[in-house]
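This report looks at charged side-chain pairs and at a stretch of nonpolar surface. Please keep the structure in view while reading.

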Amino acid sequence: MNSTQTKNSLTSLFNTSLWLLVLLILTPTVLSIFFDVYFGIQQGDNYSPEAFYDWVNSIPVLLKLSLMASLINIYILVKATNENNWTKRLDYWAVHSINRQELMKWLAVVFIFVCVSTLLGVVLNLTTENFMLDVQAANNSLAMFVLIIATTSFVSPIIEELIFRGWFYSKIKQTKLGDIGALVITTFIFTAIHTQYDNVSTLIYIFFLGLLLGFVRYKTQNTSYTIVIHILLNSLVIIELFYF
């Protein structure tokens with residue numbers, strides 16, 4: 001790689017990093033500011049930073065914040081992709097049609113992953129995350145149930161996959177880091193953004209989940225498979241939480 005190519009690669013990585021900061025940090029930060037203003041208007045003279053912190057970190061508000069951030073990030077992702085139509089954007093994000101036999105093969109791999117992680121959880125006597133217990137406790141109405149399912153089982157997995165295994169993976173892959181670099185970097189950052197969890201064991205699980213999703217993306221060059229897998233796994237977690 002000559003000096004011009006190296007410079008272009010570094011510039012591309014820098015621009016990608018800026019867009020990633022917008023997607024992962026700026027969007028929720030700006031929304032939090034708007035939520036703060038709204039809460040301040042509602043509370044009036046009773047407003048306090050401590051009260052806002054408790055309110056914005058309650059499960060109903062967190063889910064609404066996550067849902068709104070995800071919808072805004074679709075627009076930002078379109079701008080970050082720099083393609084002029086949806087066919088080219090979806091192609092850049094590696095969103096392609098699904099082959100049933102290929103999907104069944106990867107679902108078998110996911111089944112093994114779930115069995116192994118569940119067995120380890122039982123053997124190590126791992127406790128349920130406080131965040132998940134809070135989600136369980138917040139499920140007190142049909143509207144709340146719909147919000148939980150829509151956000152955790154569908155919207156968040158889809159947006160996360162479009163960002164990490166779609167757009168971000170493609171950006172890294174185009175550099176000299178290639179597929180392997182894209183797989184590793186997306187996995188580390190994917191793990192790092194899950195700040196709602198306290199247990200190291202949960203972050204280890206998310207890290208290996210990220211590796212699995214990245215490996216599926218690498219082998220299939222198709223983000224559609226990782227979207228299906230992510231939706232399935234998140235849905236299984238919610239089903240286990242609510243009904244078992």
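## Salt bridges and a nonpolar patch

At a relative accessibility of 23%, E102 counts as partly exposed. The model in which this residue sits is a predicted one, and the side chain of E102 meets that of K105 in a salt bridge, with 3.4 Å from N to O. Both partners belong to helix α5, which spans residues 100–123, and they stand three residues apart, or about one turn of the helix. K105 is likewise assigned to the partly exposed class, because its relative accessibility is 45%.

Across the whole structure, a search finds two salt bridges. The other pair joins R165 to E161, whose closest N and O atoms are 2.7 Å apart. These residues are separated by about one helical turn, because they lie four residues apart in helix α7, which covers residues 142–173.

| Salt bridge | N to O distance |
|---|---|
| K105 and E102 | 3.4 Å |
| R165 and E161 | 2.7 Å |

Helix α5 also holds F111, a residue that counts as exposed because its relative accessible area is 56%, where exposed requires over 50%. F111 contributes to a nonpolar surface patch of about 820 Å², which is made together with I112, V116, L119, L120, V123, L124 and L126.

Definitions and conventions: Residues numbered from 1 in each chain as written. Predicted model: local features only at pLDDT ≥ 70, side-chain atom pairs only at ≥ 80, totals over all residues. Heavy atoms only, no water. Salt bridge = Lys/Arg side-chain N within 4 Å of Asp/Glu carboxyl O. Helix = DSSP H or I, 4+ residues; strand = E, 2+ residues; numbered from the N terminus. Buried < 20%, exposed > 50% of the residue type's maximum accessible area, 1.4 Å probe, protein only. Patch = residues over 30% accessible without salt bridge, like charges linked within 9 Å, V, L, I, M, F, W, Y side chains within 5 Å. Areas by Shrake-Rupley, 256 points an atom, 1.4 Å probe, with all protein chains shown as cover.
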